[in-house]
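Let us take a walk through this protein together. Please have the sequence and the 3D view open as you read.

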Amino acid sequence: MKNKCLFLDRDGIINIPLVKKNKPFAPTKISQFRLYKNLNKTLNYIKKFNYLIIIITNQPELSRGNLDEKTLDKMHDIIFSTLPIDDIFICKCQESSSCNCYKPKPKMLYDAKMKHNIDFKKSYFVGDTHRDIYCASNAGCYSILLKKRYNYEMISKADYVIENFGQIKKILKK
Ligand SMILES: [Mg+2]
């Protein structure tokens, strides 16, 4: 049997993004990297229903030279040691590149599907920007928008909209 999965965007869902001019940005220093509180409670609850939990993240600051791999690894060590996350897929390219992985392109989801035997039809993707919502629909899994002051334009585009992360418990099928 194939696995169901909860895909999560990283910046704005797992950790607090830097917000400049009403747009979210990834932290580039460990001192800026802060996880949201109370994620554990919700994710451990979801785990009881046998969902894989996988982070899917664009990190274009790597190829811009603003973020180094060691710092990114440290951030992800913090995530793995704090939260029940099964895997993290990273696109290190820039939006303008001809890669297949930069969200909303769905390659990272397909890579996760191959590696972890995932059924998209039973899977959900929680994100805070258009890239996440369109990535989910490009792959054929359900999209969940976590409402923020910078993403009102996406409310009508997502399959589900939540006001806080804990509300995913009501959406995911048991
Ligand atoms: Mg985000």
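The report below goes from the overall build to the sheet, the core and a few backbone details.

## Overall build

Please keep in mind that this is a predicted model. The secondary structure of the protein consists of six helices and eight strands. Going along the sequence, these elements come in the pattern β-β-β-α-β-α-α-β-α-β-α-β-β-α.

How does the radius of gyration of the protein agree with that of a compact globule? For 174 residues such a globule would be near 16 Å, and the protein has 15 Å, which agrees. Along the principal axes, the C-alpha atoms fill a box of roughly 40 × 35 × 30 Å. Of the 174 residues, 35% are buried.

Six strands form an open sheet with parallel pairing, in the order S5-S4-S1-S6-S7-S8. S5 and strand S8 (160–162) are the edge strands, and each of them pairs on one side only. On average, neighbouring strands of this sheet are turned by 20 degrees against each other, direction ignored. Helix H4 packs on the sheet, where it touches S1, S4 and S5, and its direction makes about 150 degrees with that of S5.

S1 and S6 run parallel and are joined by three bridges, and Phe7 stands opposite Phe125 in S6. S6 also pairs with S7 in the parallel sense, over four bridges. Here Phe125 stands opposite Ser143 in S7.

| Strand pair | Bridges | Residues opposite each other |
|---|---|---|
| S1 and S6 | three bridges | Phe7 and Phe125 |
| S6 and S7 | four bridges | Phe125 and Ser143 |

What about S7 itself: is the strand enclosed or open? Five of the five residues of S7 are buried, so this strand is largely enclosed by the rest of the structure. In a regular strand the side chains alternate between the two faces of the sheet. In S7, both faces are covered: Tyr142, Ile144 and Leu146 are buried on one side, and Ser143 and Leu145 are buried on the other.

## The nonpolar core

The largest nonpolar core has 37 residues, and those with the most contacts inside it are Phe7, Tyr124, Phe125, Val126, Cys141 and Ile144. At least two residues of this core come from each of strand S1 (4–8), helix H1 (39–47), strand S4 (51–58), helix H4 (107–116), strand S6 (124–127), helix H5 (130–139) and strand S7 (142–146). S4 supplies the largest share, five residues.

Which residues is Phe125 in contact with, leaving aside its neighbours within four places in sequence? They are Phe7, Asp132, Cys135, Ala136, Cys141, Ser143 and Ile144.

An α-helix has 3.6 residues a turn, so residues three or four places apart point the same way. Just after H5, Gly140 takes a positive phi of about 95 degrees.

## Backbone details in the loops

Two asparagines have a positive phi. Asn22, a residue other than glycine, has phi near 60 degrees, and it lies in the loop between strand S2 (18–20) and strand S3 (23–25). Is Asn22 buried or exposed? Asn22 has 9 C-beta neighbours inside 10 Å, and therefore counts as exposed, the cut-off for exposed being 12 or fewer.

Asn38 is not a glycine either, yet has a positive phi of about 70 degrees. Asn38 sits in the loop between S3 and H1. Asn38 counts as exposed because it has 11 C-beta neighbours inside 10 Å.

The last stop is a cis peptide bond, which joins Lys103 and Pro104 with omega about 15 degrees. Pro104 lies in the loop between strand S5 (87–91) and H4.

Conventions. Residues are numbered from 1 along each chain as its sequence is written. This is a predicted model: local features need pLDDT of at least 70, side-chain atom pairs count only at pLDDT 80 or more; totals for chains, interfaces and linings use all residues. The radius of gyration is taken over C-alpha atoms; the globule rule is 2.2 Å times the number of residues to the power 0.38. A residue is buried if 20 or more other C-beta atoms lie within 10 Å of its own, exposed if 12 or fewer, and partly exposed in between; C-beta atoms are placed from the backbone. A nonpolar core is a set of buried Ala, Val, Leu, Ile, Met, Phe, Trp, Tyr and Cys residues joined through C-beta atoms within 7 Å. Two residues are in contact if their C-beta atoms, placed from the backbone, lie within 7 Å. Two strands pair if DSSP finds at least two bridges between them. Axes are lines fitted to C-alpha atoms, for helices over the stretch in contact, and angles run from 0 to 180 degrees between N-to-C directions.
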